[in-house]
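Let's take a friendly tour of some ring pairs and a helix packing. Have the 3D view ready.

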Amino acid sequence: MRALFLFFLATAALLSAIAGGSDAKYRYYYIEAVRQQDMRNYVAALELFQRCHAMSPDASETNYALGFLYMAMLDENKGMAFLKRAAEQEPYNTEYAERLAKMYIYKKQMDSAAVVYERLAEQQPDRTEYLEYLLGIYEQQHDYAKMLPVLAKMELREGKSEDITMSKMHVYSNMGDQQGAYRELKGLVDAHPYDLNLQVMMGNWLLSNGRKEEALSTFLAVLKEEPDNAQGQMSLMDFYRAEGRTHEADSLLYYMLVNPRTEPSTRVTMMRDWVKDSEESGGDSLRVSQMFDRVLQLPQKTSEVAEMKVAYMMLKNAPKDSIRSGWERVLAITPEYVGARLQLISLLWQDSIDENVIRECKKALEYVPDEPQLYYHLGVAQYINKHNTDAIATLKRGASNITKETNASTAADIYAVLGDILQKEGRTREAYAAYDSCLIYNPNNVMCLNNYAYFLSLEGSDLKKAEKMSYRAITAEPNNGTYLDTYAWILYQQGRYEEARIYIEQALRRETEGVEILPDTANIDTVTQETPATIILEDTLLLVEGEILEHAGDIYFRLGQQEKALEMWQKALDNGVDDEATLRRKIRKKKL
């Protein structure tokens, strides 16, 4: 478009120069100005066009070019003046006029823009876009009286149509002339006597304007002619609802829903609208549920109605078993639907991550064998149920199905869990490779950062890397006692015992905050009115993970606080640790 515009300018300049007997200098400056503008050297182009204007002030092509440049350079007043002058000089140049009109609209000078488009519409009667611009301007100005003649011209050129009639009805309604709106619609209906949908439209208009009996007669006449007319049925149903005739409305709805000729998309829309109306009017949820069940007894081409029922049950906080059955029904219709599979797995997960979860994940993968998220759920379930070898194989298959479309968090989680299981199996190098992959997909996966850092610290290797990762984990979750313990242990491994003490004590505080138990019911008679509702445990450290307590003991020992160290070690032993024999030897050795 820009090339054509420049070609037009250059050609117009040459023709103007030849016709007016301008000298070669004008032609040279003009063509060079166009060239500079095409190269986006706007300052040079402006200077050259100004020279042209000085030589020939009445050259419309130069005025237009200057107007265009000044507008582009945000000198709107000068730009508008030149554009206006060019349009006046060549009143039949549609390009000049269109540009001027658009600038008037841009500057919100709607009256001036309307004048230009009115002239263009007269000059170019076959171009209805000018009428559409006029229509938009008049509507923005709420000048409905001027809109009607414009719509009449459009109708004259394009013929009667539903869109133009609706626009005219809209205008008449805004003018408060309901009779005018009725005449327009009746004219359209009369012009197409066999179009039943137009008759339904008439019925809807009659109903919305309080002419209920006429509306009812219209709907019934349509359905007598075509009993399965969906628009007529829906409008009649709306009529029944408006009149409070709920039973008749529901009967008609059910008839439409079970009708095999009703389009699936129409069925879903009707059901959705009916449920929405029922909720807004405080409807009976049992009635809604029964309607769903009646519809779902029919053969279903899609699972949308079944999904809608599950969504409704979730809205109503139905029991988990009912929701689970709902998802199972969805999957019976569309077994390949991944979203429903994941919803069902999530419900099973809430109860217990047991063999049922494993079985459902495997069933899902039969239908969708390339979905990484399903492999993640299956791998975690296998790991929790101590099927470590299977879990490793599953997560590796999941990793092999990761693509650029896979959610990055899902990809990271697959590798994070894979790393944990490999580490547990003593496959340390493979575990670290999995952790590295996790952090590529999600550098802020805090569990991976913590676990990776901790295992590095146990090896005593790359402690600086471990410290950086662990610090990011405690920055993300500063109240996580496990993460604080990891950071304290890494500091300990580097001989930074005092710093380690600060973080291990924070870990102990976080692990024991808010620990409460109910009073001993065996001695309930001893509870007086002054006894608090809950009793803080005298020794909350009894609930702290043994490993954290053992680390605390090691740190205190290095700081020369042997009694405190022995106390922590003993509590760790009481709470349970992985290597109990080593801890007992440590306690005996330090007691000697």
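Tyr432 and Tyr452 are both buried (under 20% relative accessible area with a 1.4 Å probe, protein chains only; over 50% is exposed, and in between is partly exposed). They also make a tilted aromatic pair, with 5.2 Å centre to centre and 35 degrees between the planes. Rings of Phe, Tyr and Trp (its six-membered ring) pair if their centres lie within 6.5 Å, and planes under 30 degrees apart are stacked, over 60 edge-to-face, the rest tilted. Tyr432 sits in helix 25 (residues 428-441) and Tyr452 in helix 26, so the pair ties together parts 20 residues apart in sequence. Helices here are DSSP runs (H or I, at least four residues), numbered from the N terminus.

## About the model

This is a predicted model: local features need pLDDT of at least 70, side-chain atom pairs need 80 or more, and totals for chains, interfaces and linings use all residues. Residues count from 1 along each chain as its sequence is written, and side-chain values use heavy atoms, leaving out hydrogens and water.

## A stacked pair

How many aromatic pairs does a search of the whole structure find? It finds 19. For Tyr26 and Tyr30, the ring centres are 6.2 Å apart and the planes are at 20 degrees, so this pair is stacked. The two are four residues apart in helix 2 (residues 24-38), about one helical turn. Ring pairs also link Tyr26, Tyr30 and Phe49 into a cluster.
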